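Student: I am new to this one. Can we go through it step by step?
Tutor: Gladly. Have a look first, then ask.

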Amino acid sequence: QQSLSAAFQALGDVFSALSAAVGAADKVIELMKRQPAVAETGTLVPAAFAGKLTVQDVVFHYPARPTLRVLSGLSVVVNPGEIVALVGPSGGGKSSIVKLVERFYVPEEGRVLIDDRPVGEYDRKWLKQRVALVSQEPVLYARSIRRNILYGLEEQDGLPPEEVPTFADVEEAARLANAHDFICALPDGYETECGEKGVQLSGGQKQRIAIARALVRRPAVLLLDEATSALDADSEAVVQEALDRTMKSRTVLVIAHRLSTVQDAHRIVVIQHGQVAEQGTHDQLLEAGGTYASLVRRQLARAPSAAGLLPSPSSA
Ligand code: ATP
């Protein structure tokens, strides 16, 4: 009898596990239904590419958090060759904008345009070469450093051989990214394996490989999420130098943490609660005395060395 009740007990456990699993499966299906159709990709391969970026009246929430509206009618335009810095309090929606441009997600309302055409119309591979992303936590794959830089641009990725960057291209990108010297010092140079079983690289080294990966594409548009605290001071300086070089003469949308980037940007867009709170140049925004001015004041209170941020007496 005891064994019978144990059997029933076990059966009960199986049932509750099963119904939990069914419930979970329901949720998964529900989430899949909500997942935007990011897999769909267009075929557009335009002959010319200026690199204008337009985020127009975008409303967005993450599929997994339908109750949290992340962007509420947000619009930002980055003209060809312009450097636009996104700043603002944590959680305001800056990274989400970049993810929408990268087509990781599709907005609920509004549009994301590249050269005035919806981003989804473009051939995805083509677009990935023209619009490059350098994120704060770059992913390196279990393959050589050379192939990590080339990621997505090899013959096996469907590229015609003449379009695959040469080793000289890889090396040039690595030099610009301040990565060439440390790569050469590794046991197998550019053929050194990365990943779990390969060489362990520091945060700054990974970031520089990610910059080289972006540069080898010679992208017209660069999406940049500047590192905050992941790097030590030495590697921060070399990474920053590489980033400054990378930003030259292209369209750049940068989530800016560094004061120098913010100050040098052609335009600063302050994002707060999923909306543009204000925009303008550093001086214009300081003068306006709004959110940006108070962000700067707060930075100054924390780091008095940033006093150069305030207008000099002659320009005040
Ligand atoms: P930070 O400066 O801290 O990077 P941010 O301005 O870039 O912040 P986002 O990362 O865009 O802000 O986040 C906006 C909101 O979306 C936050 O409330 C965040 O918790 C939420 N969020 C971000 N990523 C996801 C995700 N993958 N799933 C669900 N919610 C998310």
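Student: Which residues in H2 are buried?
Tutor: This is a predicted model, so the answer comes from computed positions. Helix H2 spans residues 94–101 and is mostly covered, with 6 of its 8 residues buried. The buried ones are Lys94, Ser96, Ile97, Val98, Leu100 and Val101.

Student: Which residue takes a positive phi just after H2?
Tutor: Step past the end of helix H2, which covers residues 94–101. There the phi is about 65°, and the residue is arginine 103.

Student: What are the residues around the ligand?
Tutor: The shell divides into 4 nonpolar, 6 polar and 2 charged residues. One of its members, Lys94, is also among the buried residues of H2.

Student: What is the order of the strands in the open sheet of 4 strands?
Tutor: E1 (residues 53–60) runs antiparallel to E2 (residues 71–78), with 6 bridges. E1 also pairs with E4 (residues 109–114) over 5 bridges, and 2 bridges join E4 to E5. The order is E2-E1-E4-E5.

Student: Which strands stand at the edges of that sheet?
Tutor: Look for strands with a single partner strand, so that one side is left without a neighbour in the sheet. Those are E2 and E5.

Student: Which residue is the bridge partner of glutamine 56 in E4?
Tutor: E1 and E4 pair in the antiparallel sense. Elsewhere in the sheet, valine 59 stands opposite serine 72 in E2, and isoleucine 114 stands opposite arginine 117 in E5. For glutamine 56, the partner in E4 is arginine 111.

Student: Which residues have the most contacts inside the largest nonpolar core?
Tutor: That core has 69 residues. Its largest share, 6 residues, comes from helix H7 (residues 203–215). The residues with the most contacts inside the core are Ala85, Leu86 and Ala212.

Student: What does alanine 85 touch, not counting residues up to four places away in sequence?
Tutor: Alanine 85 is one of the residues with the most contacts inside the core. Its partners are Val254, Ala256, Thr261, Val262, Ala265 and Ile268.

Student: Is isoleucine 211 buried or exposed?
Tutor: Isoleucine 211 is found in helix H7. It touches Val134, Ala177, Ala242, Leu243 and Thr246, leaving out residues up to four places away in sequence. A residue counts as buried if 20 or more other C-beta atoms lie within 10 Å. Isoleucine 211 has 27 there, so it is buried.

Student: How many Å apart in space are isoleucine 211 and threonine 67?
Tutor: In sequence they are 144 residues apart. In space, C-alpha to C-alpha, the distance is 35 Å.

Student: What share of the residues in the protein chain is buried?
Tutor: The protein chain holds 11 helices and 10 strands. Its length is 316 residues. The buried share is 31%.

Student: Over which residues does pLDDT stay under 50, with 9 contacts beyond four places in sequence?
Tutor: The mean pLDDT of the protein chain is 83, and 81% of its residues reach 70 or more. Over residues 312–316 the pLDDT is below 50, with 1 contact beyond near neighbours in sequence. Where pLDDT is low, the predicted coordinates should not be read in detail. The stretch with 9 contacts is residues 26–37.

Methods. Residues are numbered from 1 along each chain as its sequence is written. This is a predicted model: local features need pLDDT of at least 70, side-chain atom pairs count only at pLDDT 80 or more; totals for chains, interfaces and linings use all residues. A residue is buried if 20 or more other C-beta atoms lie within 10 Å of its own, exposed if 12 or fewer, and partly exposed in between; C-beta atoms are placed from the backbone. A residue is near a molecule or strand if its C-beta atom, placed from the backbone, lies within 6 Å of it. Ala, Val, Leu, Ile, Met, Phe, Trp, Tyr, Cys and Pro count as nonpolar, Asp, Glu, Lys and Arg as charged, and the others, Gly among them, as polar. Two strands pair if DSSP finds at least two bridges between them. pLDDT is the predictor's confidence in each residue, from 0 to 100. Two residues are in contact if their C-beta atoms, placed from the backbone, lie within 7 Å. A nonpolar core is a set of buried Ala, Val, Leu, Ile, Met, Phe, Trp, Tyr and Cys residues joined through C-beta atoms within 7 Å.
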